[in-house]
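Hi everyone, thanks for making time.

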Amino acid sequence: MSSAVSDEALLSGLAAGDADAATAFTRRFQARVYGLVLTIVHDEGTAEDVAQETFVRAWRYAQTYDPRRGRVATWLLTIARNLAIDVIRVKRAEPLDPDVVVRKLQRGSQAENPADQELPPDERERVRGAITQLPPEQRRALVLAAYLGRTAQEIGELEGVALGTAKTRIRSAMLKLRASLEATNEV
Amino acid sequence: MRCDEVRDLAPELALGIADGEQRAEALRHLSGCADCRRAVEQLTQVADELLTVAPAQEPPAGFETHVARAIGLAERPARRPRARRLRLRWLALRVGPALATAAVTAAAMVGVYRDDHQTAERYRATLAEANGHSFQAETLTDGTGARSGVAFGYEGSPSWLLLTVDRSHRDAVTRGELRTKDGRTIPLRSLHLDAQGSWGGAIPVKLYEVASVRLLGQGPGDVLQASF
């Protein structure tokens with residue numbers, strides 16, 4: 001199946017039980033899904049299980065996908081992220097050091113293929129750069145929230161700060177990233 | 001909830017980390033406030049972009065085949081899946097309907113499946129209620145590998161097992177035992193299947209020490225086994 005087939009068409013094929021579409025859909029997204037999950041769970045065996053379950057969920061709930069609310073990739077990655085967070089919560093794993101996640105993000109990927117990514121490489125680098133430029137405490141709060149699913153309350157406890165401070169850090173980081181992305185889009 | 005309160009909460013809504021009550025209040029507000037909805041949507045885009053910059057990495061060989069099998073688009077292997085995978089599917093099967101319902105609601109404003117987080121919280125709270133650490137299910141199979149029931153295990157203080165044996169096998173079961181990972185064999189002396197083929201009880205070891213539970217009959221081939 002050609003890469004010209006849209007993500008939405010492949011997802012429709014997956015929902016309909018088309019084996020070729022399912023294979024193409026999996027091939028197109030598996031590196032991103034597995035990479036994200038591995039970033040969160042930090043264990044290859046668990047990451048493989050969670051990534052697999054992500055595609056099962058995509059197949060099962062493909063009918064609920066609404067293109068008006070976002071791209072197929074972000075819909076799928078959100079499923080992956082939430083499943084991965086569920087797993088680390090159920091396992092009561094010690095929270096991964098957010099700085100470890102930041103370092104992984106900065107390394108980028110050997111498997112990254114510019115042709116099959118939603119954002120062009122330079123834009124991904126800008127996002128990564130924007131994360132790096134955040135003050136350390138905001139960066140840690142953002143990573144704990146966005147990748148590790150920690151609530152503001154939990155972040156406050158982990159970082160030894162008041163709830164209000166944790167909320168402010170999350171908010172400041174998100175607003176800075178939004179401004180950074182808007183500036184990128186205006187260039 | 002007022003506009004300023006929703007705006008304060010917007011980053012947490014976008015990241016899917018707002019607590020359930022606040023989230024519900026905010027969603028009610030968003031359903032009637034286009035400005036706040038737009039503000040949350042902008043931040044949701046930021047949260048989405050964050051996920052796309054995680055480093056891509058190819059999974060192990062055979063991944064797409066495993067996916068195809070899991071969704072019934074390829075022939076299933078004769079060999080039973082690894083326990084880890086079964087546990088995940090078991091969890092998914094039981095929480096799936098609740099997740100689906102919650103996710104459809106959540107999707108209205110800030111994306112699909114954000115309520116997975118709450119499901120995990122509920123699962124953790126359930127375990128915490130009885131000081132448990134995990135709950136899992138494993139398939140009981142007979143000597144041919146055919147499914148013959150399910151062994152549910154709970155790790156806590158104490159750990160316990162609940163066994164359900166299919167009708168076709170239950171009459172043959174006369175006793176049971178645990179095999180531990182360090183090679184011990186521990187008889188399940190209180191094992192007695194009821195009319196529905198079920199038995200449950202505390203076990204004298206931690207669940208994580210259990211390698212398998214075996215249900216035995218009179219003949220040498222009458223063995224049903226579930227591996228943990």
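Residues are numbered from 1 along each chain as its sequence is written, and chains are lettered from A and ligands numbered from 1 in the order in which they are written.

The model scores ipTM 0.85 and pTM 0.61. For chain B, the mean pLDDT is 78, with 76% of residues at 70 or more; pLDDT is the predictor's confidence in each residue, from 0 to 100. Within chain B, confidence is highest in α1(B), at a mean of 93, and lowest in α5(B), at 46. Helices here are DSSP runs of H or I with at least four residues, strands are runs of E with at least two, and both are numbered from the N terminus. Residues 93-113 of chain B stay under 50. Where pLDDT is low, the predicted coordinates should not be read in detail.

(Nonpolar is Ala, Val, Leu, Ile, Met, Phe, Trp, Tyr, Cys and Pro; charged is Asp, Glu, Lys and Arg; the others, Gly among them, are polar.)

Over to chain A. The axes of α1 (residues 7-15) and α2 (residues 19-41) of chain A come within 8 Å and cross at roughly 130°. (Axes are lines fitted to C-alpha atoms, for helices over the stretch in contact, with angles from 0 to 180 degrees between N-to-C directions.) In α1(A), Leu10(A), Leu11(A), Gly13(A) and Leu14(A) meet a set in α2(A) that includes Phe25(A) and Arg28(A). By class, this contact has seven nonpolar, one polar and one charged residues.

Finally, Phe55(A), in helix α3 (residues 44-60) of chain A. Is Phe55(A) buried or exposed? Phe55(A) counts as buried because it has 26 C-beta neighbours inside 10 Å; the cut-offs are 20 or more for buried, 12 or fewer for exposed, and partly exposed in between. Beyond four places in sequence, Phe55(A) contacts Thr26(A) and, across in the other chain, Val67(B).

How values were computed
Predicted model: local features only at pLDDT ≥ 70, side-chain atom pairs only at ≥ 80, totals over all residues. Contact = placed C-beta atoms within 7 Å.
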